[in-house]
Amino acid sequence: MPELTGTDAAGAWAKAPELPRRTERLVLRPFRHGDEADILAYRSRADVVRYMPAEPMQEAAASAFIAERQHATRIAADDDRIILAVEHDGRVIGDVLIKTGQLADRQAEIGWAFNPDYHGRGLAAEAGRELLALAFGDLLMHRAWAQLDPRNVASARVCERLGMRREAYFRQDMWFKGEWGDTAIYALLAAEWRASQGGT
């Protein structure tokens, strides 16, 4: 596939991607009211938010969390984001994110949060692969990247399983939850993703 310019890719941003997204074991879909208990099952856990800016979610905040995210289903302007619930066997076990900066740059930041009760089954990587398919296949992004605390070994392993390389390691670049923290950046280019899918 030839390299597209920002103008060529604009049509991909003008329409919402097809949702929900289905993988072998998962459904990636918009949040909806009724997901509160499942979200609280992981977002209220200190170990889940340890390396995130958020604090453990309180029960009273779950409804607002959904309301703020349930319509985040398309990339149409700078700084837009797509946030999807990850459903497994009828329960929400996590959420995933695609966030843009300047659309003309075609850079997609990706991220995720998962219920540790479901770790060790490859579900985060399965969701991540679909997230990359959305970023590169549907939205025609040029590069997808993720930032994480290097101590978050589980997320670093997901990045590696997705074929992302560590491009940067910043030492004590932010004051985070009462201490200086490091940041690692992982990334993948569209051409590399297409090659991994058997394309050109």
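1. Let's start with T73, which you'll find in the loop between α4 and β3. Keep in mind as you look around that this is a predicted model.

2. Is T73 buried or exposed? T73 is buried, because its relative accessible area is 18% and the cut-off for buried is under 20%. Leaving out residues up to four places away in sequence, T73 touches A16, P17, L19, P30, R81 and I82.

3. Now hop over to F31, in the loop between β2 (27-29) and α2. F31 is buried too, with a relative accessible area of 2%.

4. What does F31 touch, not counting residues up to four places away in sequence? The list is I39, Y42, F65, I66, R69, Q70, I83, L84, A85, V92 and D95. Take I83 from that list: F31 and I83 are 52 residues apart along the chain, yet their C-alpha atoms are separated by 8.0 Å.

5. Next, have a look at helix α4, residues 62-69. Its buried residues are A62, F65, I66 and R69. Seen down the axis of α4, these buried residues fall within an arc of 95°, so they line one face of the helix. Here's the background: an α-helix has 3.6 residues a turn, so residues three or four places apart point the same way.

6. And what do the buried residues of α4 pack against? They pack against α2 (36-43), β3 (81-88) and β4 (91-100). To tie this back to F31, its contacts include F65, I66 and R69, which are among the buried residues of α4.

Terms used
Residues numbered from 1 in each chain as written. Predicted model: local features only at pLDDT ≥ 70, side-chain atom pairs only at ≥ 80, totals over all residues. Heavy atoms only, no water. Buried < 20%, exposed > 50% of the residue type's maximum accessible area, 1.4 Å probe, protein only. Helix = DSSP H or I, 4+ residues; strand = E, 2+ residues; numbered from the N terminus. Arc of directions from axis to C-beta. Contact = heavy atoms within 4.5 Å.
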